[in-house]
Amino acid sequence: RILTGNLTRLTAPRSGPIPTVVYLNSNPWGGALPDFAPEVCALAEMGFAVLEVSPRGSFGRGIQHWLAGRDGIDRAVAADIFSALDIVGPEAELDRDAVAVVGADFGGYHALRMMQLHPARIRCAVAIDPVTDLVSWSKGRPGNNERERLGNASRGWYFGTDVERLREQSPITHPELLTKPLMLVSTRHDPFEPGSDLK
């Protein structure tokens, strides 16, 4: 498979490997951000190397790439990110033993699942308004317009309706596996407010 993404870091010389932040897209089918991202630049200015990847399941690489994440997007995304780290890490002088993951919404979901699935490779995580329950999230919120109804239908079609499988892939099912430092941020009080997703 072919992986694409962005690596942002300062060009100033450093002594030793660079601590790395994996920045995760908030869209369930999003990959590396194509435009200027102030949050990525801020992290780079603090001295981190910031890696963004367009893993399996993300738009923009064709239908096979998109559908490849359908049966286990948590594991596919994690595998592709670690592959990218292993490929570019040595040449870019990344510290692959000091990796933090940061994400909001569905990116927060991936941050939590990466910590649960690969605790040996993740040092810490920041999850902002993360999706924690795929069963509830995949149903969406009550659709009042065509866009919301289409979004709900897309979630159900892509992620399926197998409740046991969705529950197994949900961070809320495995809280005991979150053993590394974690900053969990909640900014939304009403899960049905405009712009928010049902968690």
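Is Glu-164 buried or exposed? Glu-164 is exposed, with a relative accessible area of 53% (buried means under 20%, exposed over 50%, partly exposed in between, with a 1.4 Å probe and protein chains only). The model is predicted: local features need pLDDT of at least 70, side-chain atom pairs count only at pLDDT 80 or more, and totals for chains, interfaces and linings use all residues. Residues are numbered from 1 along each chain as its sequence is written, and side-chain values use heavy atoms, without hydrogens and water.

Glu-164 forms a salt bridge with Arg-167, the closest N and O atoms being 2.8 Å apart (a side-chain nitrogen of Lys or Arg within 4 Å of a carboxyl oxygen of Asp or Glu). Both residues lie in helix 7 (residues 163-168), 3 residues apart (helices are DSSP runs of H or I with at least four residues, strands runs of E with at least two, numbered from the N terminus). Arg-167 is partly exposed, at 36%.

The structure holds 6 salt bridges. Another of them joins Arg-56 to Asp-80, with 3.0 Å between the closest N and O atoms. This pair links distant parts of the chain: Arg-56 sits in the loop between strand 3 (49-54) and helix 2 (63-67), Asp-80 in helix 3 (residues 73-92). Asp-80 is buried, at 0%.

An open sheet of 6 strands has the order 1-3-2-4-5-6, with mixed pairing (two strands pair if DSSP finds at least two bridges between them). Strand 1 (4-8) and strand 6 (182-185) each have a single partner strand, so one side of each lacks a neighbour in the sheet. Strand 5 (residues 124-128) runs parallel to strand 6, joined by 4 bridges. Here Ala-127 stands opposite Leu-184.
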